[in-house]
Amino acid sequence: MMKNNSVKEIYRHIVSFFFPEYCPYCSSLIEPDDISCPHCGKSVLGQAVAIRRGVLGSRCVAPFAYEGKVRKAIVNFKFHEMSQYARPLAAVLAKTIEEEYPVDEIDLITYVPMRKWDQLNREYNQSELLAKELADTFSIPCAETLLKVKRTKKQHKLKFSERKKNLSGAFVLKDKEWLKGKTVLLIDDVMTSGITLSHCVKKLYSAKPYQVYCAVVASAAEHEKEERKHPVQEE
Ligand SMILES: [Zn+2]
């Protein structure tokens, strides 16, 4: 083994000792640069098929359906302080984005915001963490373009007809000039009814961007029955 590789290997072991990395899909320990354990590499990542959905004048892609181990990974990422899952989940999302969108044409990556008070309580916005990982991967700037200004009820606790009303007026544009003529990639963790993304896309389009693309880690649209049994904990 080359000397440089040995030094790199030792460094990786030291870092993983203090900050162990876990497979998002089964919580087993993984090597620092891996994005899953070997088993989930085959059974989860190997089974990922891009899901495409329409969102107003835009569209959304997701590498996963919101079910099983993916659902567990996202719930832990979002609600159980596993912010470190941003890196492996964003890595899978990046692959789908590369396959589905002209990445070279994207000027700006942004994300679905949380209300500042909610973010203080959770300590991070999971969609922002994903967006920042993607920005690093693609070397594209990441910016907060929207603000959530209204306290809303949990979407999953409402009837479909009430969800739209709940989010009405919830989001405002932070700065119109940033977006004019730009191709923007909007990131969220999960797409369920699509109402949250629709509200955000509508706001972004009011600033006259050239194009808005959306991408999420998982889509729950095809799993309405499952959602009733195990409600999606959507913001
Ligand atoms: Zn695993």
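These questions and answers look at how some features of this predicted model get their labels.

Residues are numbered from 1 along each chain as its sequence is written, and side-chain values use heavy atoms, with hydrogens and water left out. Because the model is predicted, local features need pLDDT of at least 70 and side-chain atom pairs count only at pLDDT 80 or more, while totals for chains, interfaces and linings use all residues.

Q: What makes Cys23, Cys26, Cys37 and Cys40 donors of the zinc ion?
A: A donor is an N, O or S atom within 2.8 Å of the metal (3.2 Å for Na, K and Ca); water is not among the atoms, so sites may look incomplete. The SG atoms of these four cysteines coordinate the zinc ion at 2.2 to 2.3 Å, so they meet the cut-off. Along the chain, the donors are spaced C-x2-C-x10-C-x2-C.

Q: What makes strand β9 (residues 183-191) largely enclosed by the rest of the structure?
A: Nine of its nine residues are buried, so the rest of the structure largely encloses β9.

Q: How do you know that β9 pairs with β10 (residues 211-219)?
A: Pairing takes at least two DSSP bridges between two strands. Eight bridges join β9 to β10, and the two run parallel, so they count as paired. In this pairing, Val190 stands opposite Ala218 in β10. The chain gets from β9 to β10 through helix α8 (residues 195-205), in a right-handed β-α-β crossover; right-handed means that, with the strands pointing away from the viewer, the path from the first strand over the helix to the second runs clockwise.

Q: How do you know that strand β6 (residues 108-111) pairs with β9?
A: Four bridges join β6 and β9 in the parallel sense, so the pair passes the two-bridge requirement. Tyr111 stands opposite Ile187 in β9.

Q: Why is Glu81 called exposed?
A: Its relative accessibility is 68%, so Glu81 counts as exposed. Glu81 lies in the loop between α3 (68-79) and α4 (86-100). Glu81 also has a positive phi of about 60° although it is not a glycine. Most residues other than glycine have a negative phi.

Q: What makes Glu123 count as exposed?
A: Glu123 has 69% relative accessibility, so it counts as exposed. Its place is in the loop between α5 (116-122) and α6 (126-138), and it has a positive phi of about 80° without being a glycine.

Q: Why is Leu56 called exposed?
A: With a relative accessible area of 56%, Leu56 is exposed. Leu56 is in the loop between β3 (51-55) and β4 (58-62). Leu56 and Ser198 are 142 residues apart in sequence, and their C-alpha atoms are 6.1 Å apart in space.

Terms used: Buried means under 20% relative accessible area, exposed over 50%, partly exposed in between (1.4 Å probe, protein chains only).
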